[in-house]
Amino acid sequence: MAIVAETTKFSKVAWPVLAWIVALVFFFPIFWMVFTSFKTDADAVKPEFLFRFTPTLENYTNMTDNYDYWRFATNSIITSVSATLLCLFVSVPCAYAMAFNPSRGTKDILMWMLSTKMLPAAAVLYPMIFMAKSLGIYDTRFVVILVLTLINLPIAIWMLFTYFKDIPKDIIEAGQMDGLTTWGEVKEILVPLAWGGIASTALLIFIFCWNEAYWTVRLTTFNAATLSTLIEGNRAPEGLFFGRLSAVSTAAVGPIVVLGWFCQKQLVQGLTFGAVK
Amino acid sequence: MATRAIPRLLQTPAVVLLLIWMLVPLSMTLFYSFIRYVLNSTVRPEWTTPSFSNWRGFGNYQFVWNNDNFWLAIQNSLIIVCSILFLTVILGVLIAVLVNRSFPGLGIVRVLLISPFFVMPAVNAVLWINMILDPVLGLQGLAVGGINDLIGGLRNAPLVGGFFNLWPEFSPVSFRATQTSAIAVIMMVTWQWTPFAVLIFMTSLQSEDQQQKEAAILDGASKWSQFRFLTLPHLGRPIAIVVMIQAIFHLSLYAEIEIVSRGAGNKNLPYLIGEFANNNIGAASATGIFAVILANIVAIFLLRMVGKTLME
């Protein structure tokens, strides 16, 4: 922990106070959303009820009637969890092989994989929609899971690769001497040692899947629509219903924000691809 | 041979999946970009099915190239991405330096600061454009109304009343308007991504060489020159990472643009593609290929920069 030497009494108080103010300013929009969710739609737009109002839970209890929240939430949970698992299933072996048996092409393959992330989604959206429609998988959870897996695969491989790279090779070699198979290496050595890395990769991919809007909104209409579709679809005509809009927004981001709080450090470290220690 | 075969085998699924993911839709887009392909046409129904007989050559590219919206979209894409990068890096460095000390509640400050990063982009846009920026019902409208009331009250006050009579009425800004909608997008995305920059820079600052810093203090280096010659160079690599990851995400910004103004005044390339694709798939595909070229230009620089640091 780096601590800048404090010189004056003033800076001892002023900088922490400023840090607190900045943090509160950044958090304010989220606080305001949660706060507004406890107001009725009528109260939410009245200046006289800005801070003093009678809190109500009706926006939450009516969420199912107003928005059919649970259908969207179920789709979000199922697609995000499945895509995360599928993504790990493909990326863990790949990253393992790249980290422990790198060949001359490994670096280029990794670079190429990251470059697929640079491919603008809009450029390939319509072929995907046509293909999904002709295969009869448009607006199914299957196609959402597939696309979420594919768009997050490069990031997953990169993150896992950087975690695996830090594991000393000697341990793996010792395992090989002891006659472990490849599967044994993965199970007995890699997973226990890289558990933290795998877990934070999984969490980050889950968050990206949950928040993904571009693909999920455009590949679904009703049956497989996720929470992103719910929010994006309801914005305009609901402009006046700040109370219920806040409630459904809170319900859409709440689980992820809380999840993020618990693992912020690992998540950010993972996203730097190990280049920032 | 067997020792090399297994690693290959383990990589195959990922490589094959990504190869298909990249090649199949992209070659279809490339094909569509060279043919006349529309979704609805009563005059030329044969154009509604993709086929080589509707070959148009570079016609779609020409059409897009000569379309004013295309240049506007490129301009908007670059303005939005560059402004966000500029703001998040500056704010990120400042806040990271500010928070990089021990004080009561540091843990809570970190938690509060990172929160916006986890908010769904659609919720971010809905929240900002309605509840915060709306000129009548949002906090902006309420704040401007409050200030006007305050000034109005002070006008009748003795002594200072004359001074406040000179003040104009403030009018709230509509962020859905053409002139301001790009600013709204920049604002909300900066809010969301500054925390990401802060946490990365903070992580990096914690590994800064303290002995070097103490030596600099003993030598009488000012706070500013410590920052300029020690801290800032130390942050070079994290800044590169922040720029790369954000560029990946912001070049394909869509939800925010759709929700703020449906592309009026802040239309970027992905949004323009969506507009073309309402009917003209050929033009949409040609725009898509242009977007791929633009992304590649950006990617070549960024990947080079980051690639070097990553394999060490």
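**Loops, helix pairs and contacts in a predicted model**

Biologist: In which loop of chain A does A:Pro102 lie?
Modeller: This is a predicted model. Its helix α5 of chain A covers 69–100, and α6 of chain A covers 106–118. A:Pro102 lies in the loop between α5 and α6 of chain A.

Biologist: Is A:Pro102 buried, exposed or partly exposed?
Modeller: Count the neighbours. A:Pro102 has 16 other C-beta atoms within 10 Å. Buried needs 20 or more, and exposed needs 12 or fewer. With a count of 16, A:Pro102 is therefore partly exposed.

Biologist: What distance separates the C-alpha atoms of A:Pro102 and A:Trp183?
Modeller: Along the chain, A:Pro102 and A:Trp183 are 81 residues apart.

Biologist: Now a backbone point. What value is phi of A:Asp139 near?
Modeller: Most residues other than glycine have a negative phi. A:Asp139 is a residue other than glycine, yet its phi is positive. The value is near 60 degrees.

Biologist: Where is A:Asp139 found, and is this residue buried, exposed or partly exposed?
Modeller: A:Asp139 sits in the loop that runs between α7 (121–135) and α8 (141–165) of chain A. It has 17 other C-beta atoms within 10 Å. That count falls between the cut-offs of 12 and 20, so A:Asp139 is partly exposed.

Biologist: At roughly what angle do the axes of α5(A) and α8(A) cross?
Modeller: Two packed helices are described by the angle between their axes and the distance between the axes. For α5(A) and α8(A), the axes come within 6 Å. The crossing is right-handed. The angle is roughly 40 degrees.

Biologist: Move to chain B. At roughly what angle do the axes of α3(B) and α11(B) cross?
Modeller: Helix α3 spans residues 68–99 of chain B, and helix α11 spans residues 236–250. Their axes come within 10 Å. α3(B) passes α11(B) in a right-handed crossing. The angle is roughly 145 degrees.

Biologist: How many residues of the contact of α3(B) with α11(B) are charged?
Modeller: On α3(B), the contact includes B:Ile80, B:Ile84 and B:Thr88. On α11(B), B:Val243, B:Gln246 and B:His250 are among the partners. The contact divides into 9 nonpolar and 4 polar residues. The charged count is none: no charged residues.

Biologist: What distance separates the centres of domain 1 and domain 2 of chain A?
Modeller: Domain 1 of chain A is assigned as 1–67 + 234–252, and domain 2 as 70–231. Between them, 7 residues of domain 1 are in contact with 4 residues of domain 2. Taken over C-alpha atoms, the centres are separated by 33 Å.

Biologist: From which helix does the largest share of the side of domain 1 of chain A that touches domain 2 come?
Modeller: Two helices of chain A, α4 (63–67) and α13 (242–262), each supply at least two residues of that side. The largest share is 3 residues. Those residues come from α13(A).

Biologist: Which helix of chain B gives the largest share of the side that touches chain A?
Modeller: The contact takes 81 residues from chain A and 89 from chain B. The chain B side holds 65 nonpolar, 19 polar and 5 charged residues. Its largest share, 15 residues, comes from residues 2–33, helix α1 of chain B.

Biologist: In which helix of chain A is confidence lowest?
Modeller: The mean pLDDT of chain A is 82, and 92% of its residues reach 70 or more. Confidence is highest in α5(A), at 90. The lowest mean, 72, belongs to residues 264–271, helix α14 of chain A.

How values were computed. Residues are numbered from 1 along each chain as its sequence is written. Chains are lettered from A and ligands numbered from 1 in the order in which they are written. This is a predicted model: local features need pLDDT of at least 70, side-chain atom pairs count only at pLDDT 80 or more; totals for chains, interfaces and linings use all residues. Two residues are in contact if their C-beta atoms, placed from the backbone, lie within 7 Å. Helices (H or I, at least four residues) and strands (E, at least two) are DSSP runs, numbered from the N terminus. Ala, Val, Leu, Ile, Met, Phe, Trp, Tyr, Cys and Pro count as nonpolar, Asp, Glu, Lys and Arg as charged, and the others, Gly among them, as polar. Domain bounds come from an automatic or database domain assignment. pLDDT is the predictor's confidence in each residue, from 0 to 100. Axes are lines fitted to C-alpha atoms, for helices over the stretch in contact, and angles run from 0 to 180 degrees between N-to-C directions. A crossing is left-handed if the near helix is turned anticlockwise from the far one by less than a right angle, and right-handed if clockwise.
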